[in-house]
Structure formats: C-alpha cells, structure tokens
Amino acid sequence: MTTTIIKLKELFLDILFPKFCVGCKAEGMYLCEDCVLFVLEVEFNCPVCNEAEFFGRRHKGCRAKSNPDGCISFWSYEGVAKQLVLKAKYSSLIDIPKELVDYGILSIQENKNRFSEFTEFLFDEKTVLSYVPLHEKREKKRGFDQAKTAAEHLAKRTGKEMVSLLRRDKETKSQTELNDKKERFLNTKDAFSFISGRKAEQVVLIDDVLTSGATAKECTRILKQNGAKKVWILTLTKTS
Ligand SMILES: [Zn+2]
Ligand SMILES: [Zn+2]
C-alpha cells in the first residue's frame, strides 16, 4: 500500500473508532500530552542484584554469564501506564504500544544522560531488537503481540533491525498475576526456546512489563546460550 492509502485508512479508522485518553477521556490519543506528565518515571536497577544503578547497567562485580548486561524501563506499572498496558492487552488496541514507544523516545530525548549507556548499546551496529513473545495461541486470540509491536515500532523509529529470536512453548500465566518468587520462576522455566537458524550477537530485548525479572533472565540465558554476547532488557513499564 502506498503511504497515502495507509494514511487514509488510519484517518478512516480514527473516525470510526475514535481514541480517548485513559487519563482524562480527551479525544485523539490513548494517552494525551497532559496526562503523560502524570506517568511516573522509574529509577534503574542492576538486573542481577536489583540494587539501584543510575544507568541501568549490570554492576561490574555482578555475575555476567547468562544474565542481562543492563535493564531499563520507561514507567512505573501503576496509574494510567498500567491502564494502558492492560487496555492494549485485553482490547487488542495495537496503537497503544506504539504510542508508549513514542513517549518512551521522548523520555530518552529528555533524559539523555540517564539513558546514555542504553542508547550507546542500542545504536551499536551489532545490536538488533527483539522481544519476549506471547504464545502463538494467545497472539492469535488477541490479534497481536504487544511486545512485538513495541519492538517493531522502535525498530521503525530508530532504523534498527527487529528479529524474532525466541518462541514461547508454554502458555504461561502473566507474571503480574503471580505473587511469590518461586511461582514466577517455575512459570518461566522451559517456557521459551531459541528459533533455530537465527543469529544475534547483541540484543535489546523488549517486553511490556518487568515484574521480578525472572522472564528477562530466562530469555537472556537462552539468548546467551545461542551466541548472544550482550543483552539489554527494555520494558515499557515496571512493577515497584
Ligand atoms: Zn489525558
Ligand atoms: Zn548488581
């Protein structure tokens, strides 16, 4: 399709299904420019020991093997940010993760220093974007995969390549529904596998919510077992 036809189709859909802000109900976007000011930004932590780390890097002394090398999230999983992630999931609204990525890019531009280690890794030529996939059945039921859509949109905005590297083999529960650490660990165990024939040396792995980090760690372990040397995690939101 030509760009003009796509634009017309979007305009037509906007008229049929107008978007309303989840915060104030204003028409036009799922999160308006006023309400985005109320979304809480989060501090970064070392993805291994979980202690604060200004840039989101893994501490030099924290175990590198099979663990993420860095981890950042844009917002706290509460208030309008939480409503948006849930709304996208349960109402199959594909534009929501795209809007969140656009706001995320604004956040990076406004906090260049805090995001500097992440952006340096992102824009390294060896780095590709990937995502924590849904199970195929769930993706079909919802009509889309929120993390994949976010990864594709970030790839489009940054000119980076997006590659599907992992497959979800087990229909797991959402980590946000589980309360204890052991349950979360068991929920992710053997849940993913590497798609054969793919290759990636450096990966930014995208997900919608970071809960205990168990999923991020399990996916990183698999990526590193299959040739990845460095992995950073990027999530739209993070539970506190
Ligand atoms: Zn609003
Ligand atoms: Zn650490």
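Trainee: Are C46 and C62 buried or exposed?

Mentor: Both C46 and C62 are buried. Keep in mind as we go that this model is predicted.

Trainee: What makes C35 count as buried?

Mentor: The cut-off for buried is under 20% relative accessible area. C35 has 9% relative accessibility, so it counts as buried.

Trainee: And why is C24 called partly exposed?

Mentor: Partly exposed is the range between buried, under 20%, and exposed, over 50%. The relative accessible area of C24 is 40%, so C24 is partly exposed.

Trainee: How do you know which protein atoms are donors of the zinc ion (ligand 1)?

Mentor: A donor here is an N, O or S atom within 2.8 Å of the metal. The SG atoms of C21, C24, C32 and C35 lie 2.3 to 2.4 Å from the zinc ion (ligand 1), and these are its protein donors. Along the chain, their spacing reads C-x2-C-x7-C-x2-C. C24 and C35 both sit in the loop between α1 and β1, so this pair ties together parts that are 11 residues apart in sequence.

Trainee: Why is the arrangement around the zinc ion (ligand 1) called tetrahedral?

Mentor: For four donors, all angles must lie between 85 and 135 degrees. The 4 donor atoms here subtend angles of 104 to 114 degrees, so the arrangement is tetrahedral. As a reference, the ideal angle for four tetrahedral donors is 109.5 degrees.

Trainee: What are the protein donors of the zinc ion (ligand 2)?

Mentor: They are C46 (SG), C49 (SG), H59 (ND1) and C62 (SG), at 2.1 to 2.3 Å from the zinc ion (ligand 2). These donors follow the spacing C-x2-C-x9-H-x2-C. C46 and C62 lie in the loop between α1 (3-16) and β1 (70-76), so they tie together parts 16 residues apart in sequence.

Trainee: Which residues touch the most other members of the largest nonpolar core?

Mentor: In that core of 42 residues, they are L31, F118, V204, I206 and L234. Helix α3 gives the most to this core, with 6 residues. Leaving out residues up to four places away in sequence, F118 touches I72, I108, V204, W232 and L234. There is also a second, separate core of 20 residues, including C71, A191, L205 and A216.

Methods:
Residues are numbered from 1 along each chain as its sequence is written. Chains are lettered from A and ligands numbered from 1 in the order in which they are written. This is a predicted model: local features need pLDDT of at least 70, side-chain atom pairs count only at pLDDT 80 or more; totals for chains, interfaces and linings use all residues. Side-chain values use heavy atoms; hydrogens and water are left out. Donors are N, O and S atoms within 2.8 Å of the metal (3.2 Å for Na, K and Ca); water is not among the atoms, so sites may look incomplete. Helices (H or I, at least four residues) and strands (E, at least two) are DSSP runs, numbered from the N terminus. Buried means under 20% relative accessible area, exposed over 50%, partly exposed in between (1.4 Å probe, protein chains only). Four donors count as tetrahedral if all angles lie between 85 and 135 degrees; four count as square planar and six as octahedral if opposite donors are over 155 degrees apart and all others between 65 and 115; anything else is irregular. A nonpolar core is a set of buried Ala, Val, Leu, Ile, Met, Phe, Trp, Tyr and Cys residues joined through side-chain atoms within 4.5 Å. Contact means heavy atoms within 4.5 Å.
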